Amino acid sequence: MIPENVSGPVFIRRQDMEIHLSQQGQAQYFGYHVKILQASALQLGNISIAWNPSSDAPIVHEIKLFRDNQVIDVLKDSSFEILRREDQLEMAKLDGTLTAILRIPDLRVGDELEVNLTSFANDPTLGRYEAGLLALTPNPSPGRYRLGLSWDQGHEPNLKMTDDMTAAMTAGERAIDFRFDNPAGLSPPRDAPARYHWQRAVEYTDFADWPALSRHFAPLYGRAATLDADSPIKREAGRIATAQTSPLDRAGAALKLVQQDVRYIYVGLDGRNLTPAPADETWHRRYGDCKGKTALLLALLRELGIDAEPVLVNSSGADDGLDQRLPVPQYFDHVLVRAHIEGVDYWLDGTLPPVASPSARPVFPVSWVLPLTERGSELQNIAWQPATTPDQINLYEIDARSGFDEPARVVSTEIVRGVKGLQTYMQLSAVSTGQLLDVFRQQAGGDAWETIEDVQWRYDQGAGASILTISGTRTIDWDDDGSGAKSLSLPGGGFSPPERRVRAADQDQTAPFYTAPEYTCHVTTVRLPDSTRANQWSSTESFNTRLFGRNYYRAWELRDGSIRMVRGSRIERPEIDASTARRDNERIAAFDNSMGWISFNPSARRASVGSGETVPATYDFDWTASEVPCVSLAKNS
């Protein structure tokens with residue numbers, strides 16, 4: 001396809017892509033003829049071709065410029081410069097890719113450019129199997145497009161395509177062809193799950209089913225996890241067995257060893273983009289990618305007598321509807337270990353930081369996984385469950401006991417779990433407390449902080465949480481309501497009303513609506529001025545509402561000289577059907593979007609805070625616990 005980074009407008013006279021399958025692997029022909037309409041599209045004159053040296057070098061058939069009545073052969077006076085560079089070293093990727101670059105001289109607006117080339121792929125890991133995807137982008141520029149797939153006799157793949165491609169297909173004896181003139185932009189149902197975005201796509205694969213793919217890859221990891229007789233990994237396993245008694249503790253120690261003592265580098269050299277490096281090799285050089293680390297971890301667990309297998313996953317979360325797809329290896333981008341310990345499955349990921357312990361669920365949000373076993377495994381669903389622990393908790397304590405007009409002592413704590421928590425660990429684990437304090441003091445300029453006295457960060461491995469606490473003094477902006485009355489909007493106290501879930505008339509009205517799962521919590525405690533009495537305080541209302549599969553919750557309590565507020569938001573149903581969406585659309589008007597206000601009235605005679613709930617303060621409850629009172633357990637609607 002035309003390079004996606006081209007931002008300027010072009011007119012596409014022709015764009016062709018055809019993949020041919022043979023004994024030698026895949027050959028991909030790519031050609032296009034475009035007219036440059038504006039200067040921003042001149043970047044099309046920078047032609048870059050990348051390939052793996054384990055496959056044949058690309059063939060550039062021709063590059064021509066059409067200007068007025070001239071036809072200019074670009075390759076007559078210009079040639080590609082071949083580079084050997086690792087352009088993703090900053091991302092810890094080493095794949096040996098070669099790159100050829102040609103910068104077309106004197107390219108002008110109004111020129112027409114024609115490029116035709118063929119590239120090759122022959123992955124030794126796949127052997128006789130080929131698989132892939134043909135697709136037309138959702139919103140292509142106007143023009144004429146052709147997609148094709150052909151094969152030599154005996155190499156016909158299994159095919160599956162979307163209905164829109166079936167309607168456009170022309171079939172030959174050993175080929176299929178798809179042609180589009182000025183294809184319309186695609187508009188999948190708004191807010192629908194990702195599987196409803198699967199349009200204008202053709203899958204092809206030589207694998208008969210998912211178990212066949214599982215059986216093909218399983219021996220690769222079996223061989224890679226087989227140790228030499230004098231392997232030092234055996235001594236490491238013996239040391240772990242001596243130091244730890246329970247199987248789970250041994251698995252945790254093996255995982256930490258792989259995470260901590262073997263740094264991550266993606267290795268795609270010598271055809272190893274899909275093949276794991278041997279465990280002994282990975283241990284010797286002390287670096288590896290997810291495949292190498294998985295093989296090393298499997299070797300350690302085998303020595304420790306722990307049953308485990310490698311499992312392919314899509315770590316980006318782009319696996320919705322995978323059970324409806326053909327078995328194509330490229331749908332997976334990560335491999336980790338699933339260990340079976342005393343009747344419980346644990347997930348171990350050697351690429352994560354050494355604070356990530358064996359867990360009951362994968363850290364990444366996955367829906368479908370493929371275990372690699374000798375007998376072959378089907379895709380397995382990781383059933384989604386509402387989170388029991390918030391992804392993020394923000395605790396905010398305001399000590400205003402000195403009075404309305406005095407700066408308050410404030411303690412702000414952020415608790416982050418999951419992938420974001422591990423990312424914070426990577427960012428802050430190497431920063432000293434003094435450096436951290438300096439950074440936050442510099443960033444506080446223009447903020448309401450008067451002083452930042454202390455900044456503390458730690459990662460609680462038991463809670464699986466990054467915890468950042470900032471303490472100091474701040475000016476509290478109390479609103480003057482007249483006659484001595486005061487009010488304050490608490491941080492994190494209110495919700496914006498949700499948007500209506502509706503679709504255009506030409507979209508599928510029966511498709512479910514999707515919301516990405518999340519669970520957040522805000523907890524604010526205000527120690528009230530000593531000069532006031534409890535009966536002089538009030539707050540906005542508590543609420544407990546469920547709309548569009550989300551629980552909106554806010555509760556208040558006045559106790560021990562402080563007002564406590566907790567406000568939580570949790571997705572309980574990522575997908576809701578269209579009828580539920582229509583019902584909840586009618587309920588938006590009644591949604592309570594009030595901010596979390598507390599008010600002081602010196603003339604009041606009765607406190608009005610909350611509706612009888614019990615709310616812990618920021619300082620008298622362990623908010624890193626596995627279950628916290630941030631949402632309602634009752635299924636009120």
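Contact, in these legends, means heavy atoms within 4.5 Å. The model is predicted, so that local features need pLDDT of at least 70 and side-chain atom pairs count only at pLDDT 80 or more, while totals for chains, interfaces and linings use all residues. Residues are numbered from 1 along each chain as its sequence is written, and side-chain values use heavy atoms, with hydrogens and water left out.

View 1. Leu370 touches Trp210, Leu213, Ser214, Pro310, Val311, Leu312, Phe332, Ser377, Glu378 and Leu379, where residues up to four places away in sequence are not counted. A nonpolar core is a set of buried Ala, Val, Leu, Ile, Met, Phe, Trp, Tyr and Cys residues joined through side-chain atoms within 4.5 Å, and buried means under 20% relative accessible area, with exposed over 50% and partly exposed in between (1.4 Å probe, protein chains only). The largest such core has 49 residues, and Leu370 is listed with Trp210, Leu297, Leu301 and Leu348 as those with the most contacts inside it. At least two residues of this core come from each of α3, α4 (232-243), α5 (247-261), α6 (279-285), α7, β20 (334-341), β21 (344-348) and β22 (368-371), where helices (H or I, at least four residues) and strands (E, at least two) are DSSP runs numbered from the N terminus. Another core, of 44 residues, lies apart from it and includes Phe364, Phe440, Leu490 and Trp556.

**View 2. The crossing of helices α3 and α7.** Helix α3 (residues 210-224) packs against helix α7 (residues 290-303) at an angle of about 65°, and their axes are 8 Å apart. Axes are lines fitted to C-alpha atoms, for helices over the stretch in contact, and angles run from 0 to 180 degrees between N-to-C directions. On the α3 side Tyr221, Gly222 and Ala224 take part, and they meet Lys291, Thr294, Ala295, Leu298 and Arg302 in α7. Sorted by class, this contact of α3 with α7 has four nonpolar, two polar and two charged residues; Ala, Val, Leu, Ile, Met, Phe, Trp, Tyr, Cys and Pro count as nonpolar, Asp, Glu, Lys and Arg as charged, and the others, Gly among them, as polar.

View 3. Two strands pair if DSSP finds at least two bridges between them. Strand β1 (residues 10-22) runs antiparallel to strand β2 (residues 25-36), and 12 bridges join them. Within this pair Gln15 stands opposite Tyr32 in β2, and a hairpin joins β1 to β2 through two residues. With strand β11 (residues 143-151), β1 pairs in the parallel sense over eight bridges, and here Ile19 stands opposite Leu149 in β11.

**View 4. An open sheet of three strands.** The strands follow the order β10-β15-β12, and their pairing is antiparallel. Because β10 (131-135) and β12 (158-161) stand at the edges, each with a single partner strand, one side of each is left without a neighbour in the sheet. Neighbouring strands of this sheet are turned by 15° against each other on average, with direction ignored. Four bridges link β12 to strand β15 (residues 201-205) in the antiparallel sense, and Leu159 stands opposite Tyr204 in β15.

**View 5. Two aspartates with positive phi.** Asp191 is found in the loop between β14 (175-181) and β15, and its phi is near 60°, a positive value in a residue other than glycine. Asp191 is partly exposed, with a relative accessible area of 31%. Asp560, which is found in the loop between β34 (550-559) and β35 (562-571), has a phi near 55°, also positive in a residue other than glycine. Asp560 is exposed, with a relative accessible area of 66%.

**View 6. Val410 in strand β25.** Val410 is found in strand β25 (residues 408-417) and is buried, with a relative accessible area of 0%. The C-alpha atoms of Val410 and Thr473 are separated by 5.5 Å, although these residues are 63 residues apart along the chain. Among the residues that Val410 touches, not counting those up to four places away in sequence, are Tyr396, Ile398, Trp449, Ile470 and Ile476.
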